[in-house]
Amino acid sequence: MSTVAETTAAPARKTPKVTDRTKAERKLAWWLCAPAVIVMLAVTAYPILYSFYLSLLRADLRFPNDRSWVGLSNYGTVLSSSLWWSDVWHTTLITVVSVAIELVLGMALALVMHRALFGRGLIRTSALIPYGIVTVVAAFAWRFAWSAAVGGFVPKALGMDFDPLDPTHPFWNYVVVILTEVWKTTPFMALLLLAGLTLVPEELHEAARVDGASAWQRFWRITIPLMKPAILVALLFRTLDAFRIFDSVFIISNGPNAKLETVSILGYNVLLNRLNLGLGSAVSVLIFVLVALIAFLFVKGFGTSLAQQRGET
Amino acid sequence: MWLAACGGSSSSGPANINVWVFNEPSGSFKDAAKRCTDASGGRYKVTLNALSNQADQQRQSLVRRLAAKDSSIDIAGMDVVWTAEFAAAGWIKEWPTNLANEVKQGTLPGPLATATYQGKLYAAPANSNTQLLWYRKDKVSSPPKTWAELIDQATKLKTHIEIQGAQYEGVVVWFNSLVQSAAGTIVKGTQVTLGQPGEQAAAIMSKLAHSPAADPSLASQHEDENRLAFEAGSSYFEINYPFVYPSAKTDVPKIFKNMAWAPYPGIDAAHPAKAPIGGINWGVGGYTKHPTEAFQAAACMRNEENEKEAAIKGGLPPTLESLYSDPGLIKAYPFAALIKKQLATAAVRPVTPAYADVSLAIAKAVSPPSSIDVGGFQNALRGTLKDAVKSQALI
């Protein structure tokens with residue numbers, strides 16, 4: 001966060017004089033960074049650029065002799081397909097609803113963890129358990145609990161006369177996927193929010209209390225504004241994660257389910273089932289663009305909120 | 001000797017032939033591998049590698065390796081619908097003429113057609129498969145001959161029809177058989193040939209799905225869920241492969257006593273049914289280091305003795321015509337004659353290298369069966385299929 005502060009504050013300052021020593025230190029810094037940069041280029045930049053290159057080709061492993069340059073036509077195919085847009089909608093729905101619920105529950109959990117007088121360590125550890133469970137295992141647990149076909153207890157307990165995981169009940173399919181996501185990642189949200197809570201100075205609360213502010217007012221007028229950067233970081237992390245959702249949907253839909261298909265599952269189908277590397281890479285690159293867009297909007301959002309806090313605008 | 005066995009690929013010992021095939025539960029492939037190793041006189045040793053039991057996952061495991069030119073796949077146990085795709089991509093080798101002629105000798109024409117692509121033999125049919133109508137003879141007086149009769153009878157008896165309705169290959173098998181029974185086809189080469197019969201097929205699927213005879217979980221049912229529902233005793237009809245017969249024998253002897261079979265239902269009296277055809281073919285990997293031994297081992301794995309054991313122990317219908325008159329087989333497999341008859345006129349699924357795309361397009365269009373819009377169905381599916389055969393569309 002300090003880097004953000006520096007860059008936003010930079011234009012106000014005069015350019016300082018660069019001494020020889022600073023120069024040498026900068027050079028050393030580059031040398032020290034070099035190994036990490038090289039590794040990052042090899043494992044991140046190369047695959048991203050390669051998949052971008054593939055997305056411009058007709059490259060299908062089933063037709064090795066038909067490899068040819070097709071320019072942006074794969075992007076045209078994806079963007080003009082109603083399937084892509086309905087999958088973007090499915091993914092957005094899961095993302096928005098699950099992140100919203102996680103934020104509310106995570107905040108409640110963070111407040112409990114923050115205010116707990118005794119057993120603080122125990123509460124924090126036990127709250128984190130769902131996050132420590134492998135997503136696939138968690139998704140299986142939820143599927144077995146909810147699937148009437150394998151004798152799950154939930155449909156019986158709720159008196160349902162249908163199978164909530166059956167593809168003819170998309171509403172319930174979403175309920176189960178979203179609940180799984182919420183159960184699994186609320187602790188992560190809570191932990192990030194807890195870090196933000198500890199930054200709120202206790203004196204402000206005391207001063208407000210003396211002035212007669214109720215607990216509700218103090219929460220909305222003091223805690224929330226001061227936590228805004230922490231909330232935005234938590235939301236950013238979770239939104240990016242949720243948008244790329246794959247494993248829990250894959251397990252819970254148990255085979256293709258067109259109404260529950262997310263963009264990552266679409267990419268998986270094209271790449272790994274149909275081996276159409278060109279078209280599949282175009283899907284992957286578009287997912288990357290959407291994720292980058294989400295990140296950009298959030299970062300812009302919390303850049304301005306930081307500036308507001310310091311009273312710069 | 002044990003040294004030679006470990007370093008199977010070295011020139012001194014026997015060549016190690018890796019066979020990749022689904023995990024056949026009765027162990028008949030394992031026995032065949034051992035018999036072929038012994039019979040080779042030290043020229044090769046067959047090692048079985050188990051793939052998943054779900055066709056889609058088997059294909060994924062195989063194609064990922066083959067697309068990377070993996071030389072450790074000497075023999076692939078291929079579902080009958082993969083031949084065109086694997087052959088066109090160069091993932092399996094064409095059979096040399098003399099060996100091809102040996103394979104063709106005595107093999108039923110239906111299974112042989114599934115191993116052929118553009119007139120050339122690319123695999124040796126290992127076992128075939130077809131679906132029958134299984135019913136309870138204590139509840140059903142005369143088995144239905146058409147889909148309409150089946151739905152009527154099941155509705156009157158207040159029971160369910162067990163059939164594959166989930167969005168996967170199984171529902172494509174059903175749709176394809178219905179279309180071909182109505183004297184139509186779906187795709188020929190790169191031409192979409194779906195017409196009026198497609199609508200007839202969709203109407204039957206939709207009618208079944210909306211009738212009280214539909215299983216409430218039709219949209220998520222695969223072959224095994226069908227088997228379990230029939231074995232539970234509440235469903236009197238089941239459309240499924242013969243593996244359900246030995247299974248009922250061990251699981252539920254009481255129901256097995258009353259379990260009978262009839263031909264796959266037809267569209268109407270004028271159009272006899274074209275039943276589904278399934279099964280496994282042995283293909284020789286395109287990048288194997290031991291092609292000669294691999295061809296020999298593949299031919300051995302489907303010889304009379306090995307196919308017979310697979311049929312009796314594993315319930316897998318043979319591809320060799322002579323076995324259908326074998327008394328030992330008929331005893332364990334009383335419906336052998338019916339299977340042979342159905343295989344002769346069976347509905348082969350579309351032969352195209354883009355089968356994965358075509359299959360996905362069909363599965364999405366016909367499952368869940370209750371959501372089929374019969375009126376607009378044909379045009380919509382024709383549109384997606386036109387893109388699917390070119391393998392360049394998002395499906």
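Which cysteine does a disulfide join to B:Cys36? The legends below take that up first. This is a predicted model, in which local features need pLDDT of at least 70, side-chain atom pairs count only at pLDDT 80 or more, and totals for chains, interfaces and linings use all residues. Residues are numbered from 1 along each chain as its sequence is written, chains are lettered from A and ligands numbered from 1 in the order written, and side-chain values use heavy atoms, leaving out hydrogens and water.

**View 1. The disulfide between B:Cys36 and B:Cys300.** The partner is B:Cys300, with an S to S distance of 2.0 Å; a disulfide here is a pair of cysteine sulfur atoms within 2.5 Å. The count over all chains is 1 disulfide. Distant parts of the chain are linked, 264 residues apart: B:Cys36 sits in helix H2 (residues 28-39) of chain B and B:Cys300 in helix H13 (residues 291-301) of chain B. Helices (H or I, at least four residues) and strands (E, at least two) are DSSP runs, numbered from the N terminus. The S-S torsion is about -95°, so this disulfide is left-handed.

**View 2. Cysteines and their accessibility.** Buried means under 20% relative accessible area, exposed over 50%, and partly exposed in between (1.4 Å probe, protein chains only). B:Cys36 is buried at 0%, and B:Cys300 is buried at 16%. Over in chain A, A:Cys33 is partly exposed, with 39%.

**View 3. A:Trp69 in its strand.** Look for A:Trp69 in strand E2 (residues 68-69) of chain A. A:Trp69 is exposed, because its relative accessible area is 58%.
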